[in-house]
Every structure is written in C-alpha cells, then in structure tokens.
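Good morning, and thank you for making the time. I would ask you to keep the sequence and the structure in view while I speak.

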Amino acid sequence: MTQHEEPVAGGVRQLEDSVRTDFRGAMSYGRYLDLDRVLGAQHPVSRPEHHDEMLFIIQHQTTELWLKLVLHELRESRRLIDAGDLGKALKGLARVKAIQRTLTEQWSVLGTLTPREYAQFRGSLGSSSGFQSYQYRAVEFILGNKHPGMLEVFSSEPEAHGMLSALLEEPTVYDAFLRALAREGYAVPQDVLERDVTQPWTFREDLVPVFREIYESEDTPWGYYEACEDLVDLEDNFQAWRFRHLRTVQRTIGFKSGTGGSSGVGFLKRALDLTFFPELYAVRTEIGT
C-alpha cells in the first residue's frame, strides 16, 4: 500500500490527487496544533508506571484546556456586554454552556477509575490537587465568587497569581450585566453599580424587584430576559459539574482527605452552597404572587 492510498472495507480507496502529502516548509495539522508539545505533555510519575495514571493526567489536562476556553469566552462576553452588544455576548455564553456540558460528562470517563486502580498511583501525586487549578479559580472570580485569600495558594506561581490578582480587581460578568440593565433604565441601585468588585457577591434583596419586572413585563426586550435565563443556566451547569465532581471523588476515594489537604468530599459538599446569581433564583419565589 502506498502513501497515496487509504484502506477501506473491501479494498483500497485512492486518495484524491489534490490531497497534499509533502509538508516540508508548510503548515501542517500537527504544527498548527503544536501536537508535539501537547501529546508530549503527559508524564506519569508513578514507579513502576501505573497504566491508569495516563487517564488521570489526560482527564485533568483536557479540563484545563476547556477552562481556558471558558475564561476566554467569559472575558469576551463581559467586554461585549459593556460595549452594548448583548446579542454577541449571549452567543459567547451559549458556547460556555456547551463547554460546561462537556466538562460535566467528562467525569464519567474518570469514573471508570476504580478505587484500587487509583490507590496504586495516588501517593505519587504528592500534594498536587485540583484545588490548585488557577483557571478554575479564575472562572469563579469572573463569575463573582471572589476570595482574596485564595491568592496565597498561588504565591509561588507568578503567572497564576498575576491573573487572579487582575481578575480580583475587575468587575464580574454579573457586574457588567447589571450596568447594562441600568443603562436600559432599570432601577439598579447606585451602590450596586459602585460596589467594591474585589469582594465576593452577596445577595441584594433590592435587586429582586428589578428582575421581577424583567420577568413579568411583556415589554422586556428579549435579550435581557434571555440573558437572565442564560446566567441561571451557567450556574445550574456549574452546580451540576460540582456535584459530578463530588460523586466521582466519593466513588473513588470515599471520605479520605484530598491530596492538597482539603477534607475531600466534605469540602466539595460545602461548595454546592455557593451561588453566583442569588437574585435570579430568589425572584422565582416572587413571580406570579
């Protein structure tokens, strides 16, 4: 079989004459994606090397790639909301929601790792833990769950520390949306618009009537109504991801402490109480009453 032929069921299919086969000095698929580095970035540390460690590494590396894209899209959506282009911003949020569904389903792959298999290389992880994912923290920061103390975890990683420090000082996606509502004429309190954005978001009772008006009025521009629902979708998806994370950890290590020093399942359970957009849930009690 020559390099210009492809095997197919029942015979050999000839490649089309126009298919390029010589990539000397030209851009190829592997060069464009930098696959030498991407596919060479898996370095199991267990000795002897345990077969299932490769799954564990790839699971977390792919998660980090998706988180990079989530952060990329959320930053752009925030910029577009500030620029008054809500339609394009919502397109970005739709992409984030699709990524979230992929991230949640990925837990089913890691769930194939049995407790015995994981125990055979878990000790090799040392103190490394997903708790130390600075991109995960960055996504939480830009959505409103800011925690200045979290910067200490990354004091030895200047790039990660710099990213989180910058996001700590920047408005969140929710802040941008509330500013957009105010520009549209909704009665968003001035102190909300001027809040200290370095602090985590806390529930504001006086925003509930604003959202009630958006939900109940037939005159609400569709984009603002849709944006409220998209933000709820984002939070629901985030909670689904957290829950699948918790259940995957529980089925793999039970109630052991995490490798990074956390309480493990207990720590993950408490994360389920965190909320990004509490007013968008509180308003549901008020609608129709």
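Let me begin with a term: contact means heavy atoms within 4.5 Å. Helices (H or I, at least four residues) and strands (E, at least two) are DSSP runs, numbered from the N terminus. The model is predicted, so local features need pLDDT of at least 70 and side-chain atom pairs count only at pLDDT 80 or more, while totals for chains, interfaces and linings use all residues. Residues are numbered from 1 along each chain as its sequence is written, and side-chain values use heavy atoms, with hydrogens and water left out.

I turn to helix H13, residues 278–286. Here Pro-278, Glu-279, Leu-280 and Val-283 are buried, where buried means under 20% relative accessible area, exposed over 50%, and partly exposed in between, with a 1.4 Å probe and protein chains only. Just after H13, Gly-288 adopts a positive phi of about 85°.

Next, the interior. A nonpolar core is a set of buried Ala, Val, Leu, Ile, Met, Phe, Trp, Tyr and Cys residues joined through side-chain atoms within 4.5 Å. The largest such core has 67 residues, and those with the most contacts inside it include Leu-143, Phe-211 and Leu-280. Helix H11, residues 222–253, supplies the largest share of this core, 11 residues. In soluble globular proteins, nonpolar side chains tend to be buried together. Setting aside neighbours within four places in sequence, Leu-143 is in contact with Leu-74, Thr-172, Leu-234, Phe-238, Phe-276 and Phe-277.

Is Ser-46 buried or exposed? Ser-46 counts as buried because its relative accessibility is 2%. Ser-46 sits in the loop between helix H2 (35–39) and helix H3 (53–82). Its side chain makes a polar contact of 2.5 Å with that of Glu-53; such a contact is a pair of N or O atoms within 3.5 Å, and within protein one must be able to donate a hydrogen and the other to accept it, with residues adjacent in sequence counting only if both atoms are side-chain atoms. The side chain of Ser-46 also reaches the backbone nitrogen of His-50 at 2.8 Å.

Finally, the exterior. Gly-25, in the loop between strand E2 (11–14) and H1, counts as exposed at 88% relative accessibility. Tyr-32 lies in helix H1, residues 29–32, and is exposed, with a relative accessible area of 65%.
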